[in-house]
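Morning, everyone. Please have a look at the structure on the screen, and then I will walk you through it.

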Amino acid sequence: MKNYCMIALLLLTLPVAAADKVYKKVNPDGSVEYSDQPIEGSEEMSVDQAPATRFEKSPDINYQPPERDRADSSSYEVSITSPGNDESIRDNAGNVTLRGSVEPGLRGGHQLRWRLDGEPLAQSGATVSLTNMDRGTHTVKLEVVNNDGEVLGASSSVTFHLLRHSKKRPAPPSGSQPTPLNPPKPNIPGSTPTNPPKPSPPSSSP
């Protein structure tokens, strides 16, 4: 590579009158030198005989990616503040509020994405409200993603339990259902448990 660069510099700096002459010398270690002036042990050759030059960009170990790339590759600290892990939430309407936090603040083009039971939610933001959720155990996770959907940071999964009354009709109290030993009582108009029907007076014969 060094020899190729030297050839290029020589070709650019040779005087116009001597632009068709180059002197080549092979050193004992096998390396090759080129010059526009005769040197000891060199051979004269025309510029056309010189090898074609080729330039390749050498890797730069001090290369720094553009600012946007560095921002995308930096990590976020994401956490869920509510609900707590293994928390039980009692709400008969099935309403649950999710809250999270992210440090540092979101950069341009980045946004928050919630996952409920592994599926992404349509709502976004640090706080979202869910309604009419099914009773039972659920998992939730909060992620930071870029415009391409790549995950730049994520919280740990949080498990919570939603408690709500079943929609089934409650069973009647024990003992209220008629049985062979507890037959239904006739419904007498005007009688109540506190005002039982009065017995009829005995009939008198003439």
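First, the ground rules. This is a predicted model, where local features need pLDDT of at least 70, side-chain atom pairs count only at pLDDT 80 or more, and totals for chains, interfaces and linings use all residues. Residues are numbered from 1 along each chain as its sequence is written, and side-chain values use heavy atoms, with hydrogens and water left out.

Now the overall picture. The protein has two helices and 12 strands. Both kinds are DSSP runs numbered from the N terminus: helices are H or I with at least four residues, strands are E with at least two. Along the sequence the pattern reads α-β-β-β-α-β-β-β-β-β-β-β-β-β.

How much of the protein is buried? Of the 206 residues, 23% are. Buried means under 20% relative accessible area, exposed means over 50%, and partly exposed is in between, with a 1.4 Å probe and protein chains only.

Next, contacts, meaning heavy atoms within 4.5 Å. Take those between residues at least 6 apart in sequence: 59% join residues at least 24 apart.

On to the sheet. Three strands form an open sheet in the order β4-β6-β9, paired antiparallel. Two strands pair if DSSP finds at least two bridges between them. β4 (77-82) and β9 (127-130) are at the edges with a single partner strand each, so one side of each has no neighbour in the sheet. Neighbouring strands here are turned by 25 degrees against each other on average, direction ignored. For that angle, axes are lines fitted to C-alpha atoms, for helices over the stretch in contact, and angles run from 0 to 180 degrees between N-to-C directions.

Look at β6, residues 96-103. Five bridges join β4 to β6. Val78 stands opposite Val102 in β6. Towards β9, β6 has four bridges. Thr97 has Ser129 as its bridge partner in β9, and Arg99 has Thr127.

Which residues make up the covered face of β6? Val96, Leu98, Gly100 and Val102 do. Thr97, Arg99, Ser101 and Glu103 make up the uncovered face.

Last, charges. A salt bridge here is a side-chain nitrogen of Lys or Arg within 4 Å of a carboxyl oxygen of Asp or Glu. The count is two. In one, Arg113 pairs with Glu143, with the closest N and O atoms 2.8 Å apart. Arg113 is in β7 (residues 111-116) and Glu143 in β10 (residues 136-145), so this pair ties together parts 30 residues apart in sequence. Glu143 counts as buried, at 7% relative accessibility.

In the other, Arg115 meets Glu143 at 3.3 Å, N to O. Arg115 counts as partly exposed, at 23% relative accessibility. Through shared partners, salt bridges join Arg113, Arg115 and Glu143 into one network.
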